[in-house]
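Subject: Structure handover

Hello,

Here is the structure for your files. My notes on it follow below.

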Amino acid sequence: MLLAAALFLLLSVAYAFSIGIRASQGASITGDEPLYLLTTQSLLADGDLDLSNQYAGKSYKAFFDHPDDLWLQSEPLPDGRPLSPHNPGLSVLVMPGFALGGLVGAQVQLMLLAAATMSLAFVLADRLNGRRAISWAVALGVGLTATAFIYFTEIYPEFPAALALVAAMLLVARQRRLGLVDGLWLVAALSAMCWLGTKYAPLVLAVSGYFLLKADGRGRIALLVAGGISAIVFAWFHLHVYGSLTPYGAGVVYAQWNTIEILGQHIEFAERYYRLCGIFIDRQFGIGRWAPLPLAVVPMGLLIARTPPWGKIAVALLGAYTLAITVGLALAAHAQEIAIAVDPFDMSYPPFQGLAGLFPWYSWWTAETWWLTWFWLTLAGLVTGAMVWTDIVGGTRRLGRTVGHWRNRSATCA
């Protein structure tokens with residue numbers, strides 16, 4: 001617990017430096033962030049999700065400092081109410097922080113929740129792989145990546161949902177039969193994920209399925225009954241308020257679309273397949289471009305624990321590069337050289353720009369895009385193959401030593 005507390009304190013101090021970084025040249029926050037806070041403001045002032053009063057009185061000026069008025073992201077419902085086209089969970093969650101300190105208060109609250117997420121991720125990794133030092137170092141390294149550093153204080157539901165997911169995984173990873181109370185706690189954690197975003201439903205189903213395999217009869221009944229009640233409440237609320245199982249239909253983009261059409265649009269593979277590579281190696285937004293470490297503490301810890309010495313050295317070097325990128329991004333953002341949601345990839349930081357040519361740019365499909373993609377896929381395949389081969393050779397040697405030991409014992413006994 002002391003190591004988890006120390007990680008929480010270290011990351012909280014580090015994340016504090018991301019507060020005050022502007023999202024665009026004209027405003028501190030942008031994208032969906034103002035809409036989440038607008039709903040929070042409406043809940044505190046009016047006790048409802050109707051944004052009419054906030055738009056009419058321009059009360060959003062208290063946290064949205066752009067010189068222009070806040071855009072209307074939604075189509076009014078048949079009764080004339082404009083609603084934010086986002087699940088209300090995050091807006092409810094940040095009510096305490098927003099009530100105490102406005103935008104900064106909400107950011108501080110999310111920052112502390114993010115630090116708690118990484119601390120619990122360390123606990124989970126330690127529980128699963130038994131390598132405490134490696135798990136702690138990986139959690140710290142991942143927590144200090146540029147992506148985490150910026151995103152942890154942005155008004156988005158991803159990291160609160162991650163906190164609920166890690167809590168759920170800690171529960172189902174217990175080395176015992178799971179029972180009634182476990183089922184109820186799991187429903188609470190997974191329900192929170194759905195209220196933060198309907199898009200997390202597949203994760204909810206996956207964790208629930210794993211729990212059903214490990215739980216006893218009472219645990220399964222608790223999950224199915226309490227989970228069923230939670231699902232009914234969730235569906236009733238969204239159908240009653242938004243007229244759909246998701247809030248997206250209230251938005252300008254998906255107005256008049258039904259739930260099936262919206263889901264179909266979001267799982268269209270033919271036009272999105274390249275994102276499987278782009279999410280890691282895209283020149284502007286790839287995770288590997290900004291932080292050459294997977295954003296997953298548990299698998300990363302398991303991987304490093306099994307790598308040979310050369311692999312650990314490589315990971316340490318990548319971690320040092322990652323930290324340098326985070327520092328460079330923070331300095332460039334605070335100096336207003338860049339706007340973090342607009343052009344972070346334009347920062348002049350030499351370590352970042354010097355390696356730009358190694359990454360494909362998926363905004364423009366050229367011969368370079370293709371061969372760089374195959375280069376990284378081939379490199380990933382070779383590294384994976386080398387690690388598998390090393391593991392096989394090591395296992396064969398251990399088996400040989402074991403067989404030799406038993407032969408020697410047999411010869412001695414004879």
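**Overall fold**

Among contacts in the chain (heavy atoms within 4.5 Å) between residues at least 6 apart in sequence, 68% join residues at least 24 apart. This is a predicted model, where local features need pLDDT of at least 70 and side-chain atom pairs count only at pLDDT 80 or more, while totals for chains, interfaces and linings use all residues. Residues are numbered from 1 along each chain as its sequence is written, and side-chain values use heavy atoms, with hydrogens and water left out.

The chain has 18 helices and zero strands; these are DSSP runs, numbered from the N terminus (helices H or I, at least four residues; strands E, at least two). Of its 414 residues, 44% count as buried, meaning under 20% relative accessible area with a 1.4 Å probe, protein chains only (exposed is over 50%, partly exposed in between).

**Nonpolar cores**

A nonpolar core here is a set of buried Ala, Val, Leu, Ile, Met, Phe, Trp, Tyr and Cys residues joined through side-chain atoms within 4.5 Å. The largest one has 46 residues, and Tyr15, Trp290, Val297, Leu329, Ile340 and Met347 have the most contacts inside it. Elements giving two or more residues to this core include helix H1 (2–16), helix H5 (95–129) and helix H16 (309–334). H5 supplies the largest share, eight residues. Apart from this core lies another, of 41 residues, among them Leu51, Tyr60, Phe98 and Cys194.

Leaving out residues up to four places away in sequence, Val297 touches Met118, Ala121, Ala125, Ser135, Val138, Ala139 and Val142.

**Aromatic pairs**

The whole structure holds 16 aromatic pairs (rings of Phe, Tyr and Trp, the last by its six-membered ring, with centres within 6.5 Å; planes under 30 degrees apart are stacked, over 60 edge-to-face, the rest tilted). Tyr36 and Tyr156 have ring centres 6.3 Å apart and planes at 80°, so this pair is edge-to-face. Tyr36 sits in helix H2 (residues 33–45) and Tyr156 in the loop between helix H7 (146–151) and helix H8 (158–172), 120 residues apart.

**Gln73**

Gln73 lies in the loop between helix H3 (52–57) and helix H4 (89–93). Gln73 counts as buried because its relative accessibility is 18%. Its side chain makes polar contacts with the side chains of Asp32, at 2.7 Å, and His86, at 3.0 Å. A polar contact is a pair of N or O atoms within 3.5 Å; within protein, one must be able to donate a hydrogen and the other to accept it, and residues adjacent in sequence count only if both atoms are side-chain atoms.

Regards
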